[in-house]
Every structure is written in structure tokens, then in C-alpha cells.
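Please examine the sequence and the three-dimensional structure shown below. The report that follows treats confidence, a helix and a pocket in turn.

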Amino acid sequence: MNTPYLNRYRNGEFLQYMKDILKIVNQQDVDALQLTAQKNELQPIVNTINNVFQQSQASTLTQEIIALDERRDRAIIGLRAVSEAFTYHYDQDMAKAANIVLSGINSHGDGISRLSYQQETAILGSVVQDFETEIELKTAIMKPGLTKWVAELKDANHSFTNTYLDRVGQAAANPTADITELRSQATEMYRTLVDHIKAHAVLGTTKEHSMILNQIDVLAGQYNQVVENRTNNNVSDNTATEE
């Protein structure tokens, strides 16, 4: 039977998985299957997670974070693309300068825009610092006229950091927003529910228990595939921070 990667699901995925589990269980006669107590323990926690998640998604700061993250993504992607284009310049000095700029960016790795918020913040800070402090890079960005791109990257990353910290402060001020703790509670209740279903299935008192387990098996496999696809595409599994 597939075991769900609960700790690797993003908040939205975790919430929807729990909703789907409750829907599967509620399609049956819960009282007759002797699952009422376990279902009733999981349901309110899932409801609370849903409320916290919806509040988070509706937050103005959250939308600003998404927009600013896209802005800095465009800045680093654009700087890289423009630099690469200049490497084909007919002026050899211009092409040489562009290669230096491109090497400076590439030294920090590929796929910067696909990293988690914290990783991208740190790396973009290092990229900007290099262009501001290393003489060769400072000279190189001036020749093809890329100083404005670096300035945009710096400002976008700085704005993102400030807004992100505001979001953290907002979450800290709201004790109900501890979604990590809620997820831990929901996971415990979920496992208790599944253990009871398995126990009844072993006893063979009714076929519905085995049918529920089969549905959970398929569901977990589908959600796990999302995580595996994300891993194969080198996308972070971060949960709360990503959402």
C-alpha cells in the first residue's frame, strides 16, 4: 500500500489530501464501520488548516511576495539572457565582457529562479555583492550597459526580503497560523484513522474497509507522483514558505 509523503506535500496539497481522505470515508456509513470517533477527531483539525490556509492565500502580503518573487526571477533570468546574447557581439571586447558577466552568474549555479524563497534570496544577494565588489565583474557589466539590470536585481531582491519578513511578522502575530503544528496533529489523527481501517479490514467484518484502503492507496500514489515529478524537475518541496 502506498504511504503518502505527508511531510513533503505543500500546504495546499496536504490540505486537499486530507479533504479527499475525509470525503472517501464519508461516502460510507461511518457509524456502521466504527470509524466515527477517528473521523471526528481529524475533521476539525482539517477545518482549522483550511481556514488558516485560506487566510494565508488571501493575504495581501502573500500576493505581494508572489509578485516580487516573479520580479526578481525576471531580473536574474533577463540578466543572464542579455549577457548570453552579448557573448555573440561582433565587438570582441564586448563579447569578452559579456562572458565574464555570464560566468559570474553561472558560478552561483543553475536554476536560481526555481529555488526555495530563502535559498534564492541568499544566492541573489551573493550575485549582487559580487557585481558590486569584484573589480573584474564591476568593469564587465559596464561595457555592455548591464548596470541597470544589476540594480533592478538588487532592488527586487531587497523588496522581496522586506515584504517576506513582514509576512513572517504577520504570521507570528497570529497564533492560529502555526500550520506546521496543525499538520503534525492532522498527520497523527490521519494515521490513527487509517490504522483503525486496516484493523477492521484484517478482521474482515465488512468489505467496505478494504475498499476504503484501496481508494487511499490510489489517492496516496497520485499525490506522491506530484512530489516525485517536482523532485525530478529540481523544484523545491518547501511547504509553508512556498505558499
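A residue is called buried under 20% relative accessible area, exposed over 50% and partly exposed in between, with a 1.4 Å probe and protein chains only. Helices are DSSP runs of H or I with at least four residues, numbered from the N terminus.

The model is predicted: local features need pLDDT of at least 70 and side-chain atom pairs count only at pLDDT 80 or more, whereas totals for chains, interfaces and linings use all residues. Residues are numbered from 1 along each chain as its sequence is written, and side-chain values use heavy atoms, without hydrogens and water.

**Confidence**

The protein chain has a mean pLDDT (the predictor's confidence in each residue, from 0 to 100) of 89, and 90% of its residues reach 70 or more. Residues 239-243 have pLDDT below 50, although this stretch makes 22 contacts (heavy atoms within 4.5 Å) beyond near neighbours in sequence. Where pLDDT is low, the predicted coordinates should not be read in detail.

**Helix 9**

The end C-alpha atoms of helix 9 are 38 Å apart, in agreement with the 38 Å that its 26 residues should span at 1.5 Å a residue; the expected span is 1.5 Å times one less than the number of residues. Its buried residues are His209, Ile212, Leu213, Ile216, Leu219, Ala220, Tyr223, Asn224, Val227 and Arg230. Helix 1 and helix 8 are among the elements that cover them. His209, which lies in helix 9 (residues 207-232), contacts Leu33, Leu35, Ile197, His200 and Ala201, leaving aside neighbours within four places in sequence.

Glu134 belongs to the loop between helix 5 (117-133) and helix 6 (135-142). Its C-alpha atom is 33 Å from that of Asn233, and the two residues are 99 apart in sequence. The table sets out the accessibility of His209 and Glu134.

| Residue | Relative accessible area and class |
|---|---|
| His209 | 1%, buried |
| Glu134 | 38%, partly exposed |

**The second largest pocket**

Helix 1 (11-26) and helix 8 (179-203) each supply at least two lining residues, and helix 8 gives the largest share, 10 residues.
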